[in-house]
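Try each task yourself before you read the solution.

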Amino acid sequence: MKLALQRVATCLAYVDLNPIRAQMAATPETSEYTSAKQRIVTAQEDPESTEPHQPTLLFPFAGYPRQDMPAGLPFRLQDYLELVDWTGRQLRDDKRGSIDNGIPPILERLNIDAEHWIYNTQHFESQFKGLVGTAISIKSKFQQFGYQRTPGLGLAELLT
């Protein structure tokens with residue numbers, strides 16, 4: 001099973017990097033007609049969401065393997081995008097194009113704060129006891145539920 005997943009990820013990354021190797025695009029998010037660009041555009045349609053939205057026509061990234069695993073690829077979209085970005089930066093004599101090393105990493109280009117991202121993923125359960133999201137989305141949900149207090153708002157502000 002693990003080898004099959006590696007092959008799927010390799011194939012996906014290879015196809016998503018074709019426009020960069022062909023020097024038709026500089027980055028995955030500017031590569032027309034690739035699943036990477038389609039996934040990025042869809043995820044950015046709702047930046048307040050705690051889970052990135054994914055295109056309905058593409059097989060989704062379902063997150064880490066777990067017992068109640070939904071249908072989809074058993075890793076996160078963010079992990080896949082970082083893998084594509086890293087792979088696209090590898091220079092080889094037999095490869096025409098690559099992602100320029102002077103371009104910031106994909107998390108930075110997509111305005112995802114890597115330091116807060118790493119901290120939150122390592123301390124997720126101890127940091128967030130209730131709703132998770134940006135300060136605006138949490139305030140909106142608490143208002144919708146009729147709650148007077150908004151616990152966790154300080155931590156949510158770190159996500160923005």
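The exercises below go from the whole chain to single residues.

Before you start, note that this is a predicted model, in which local features need pLDDT of at least 70, side-chain atom pairs count only at pLDDT 80 or more, and totals for chains, interfaces and linings use all residues. Residues are numbered from 1 along each chain as its sequence is written, and side-chain values use heavy atoms, with hydrogens and water left out.

**Exercise 1. Describe the chain as a whole.**

Step 1: Begin with the secondary structure, where helices (H or I, at least four residues) and strands (E, at least two) are DSSP runs, numbered from the N terminus. The chain has eight helices and zero strands.

Step 2: Turn to burial, where buried means under 20% relative accessible area, exposed over 50%, and partly exposed in between (1.4 Å probe, protein chains only). Of the chain's 160 residues, 35% count as buried.

Step 3: Check the confidence with pLDDT, the predictor's confidence in each residue, from 0 to 100. The chain has a mean pLDDT of 77, and 69% of its residues reach 70 or more. Confidence is highest in α2, at a mean of 90, and lowest in helix α6 (residues 124-127), at 54.

**Exercise 2. Work out how the residues of helix α7 are arranged around its axis.**

Step 1: List the buried residues of α7, which spans residues 135-145: they are A135, S137, I138 and F142.

Step 2: Look down the axis of α7, taking the arc as that of the directions from the helix axis to the C-beta atoms. The buried residues fall within an arc of 165°, so they line one face of the helix. As a rule, an α-helix has 3.6 residues a turn, so residues three or four places apart point the same way.

Step 3: Now take the face turned away from the buried side of α7, which carries the exposed residues I136, Q143 and Q144.

Step 4: Go just past α7, where G146 takes a positive phi of about 80°.
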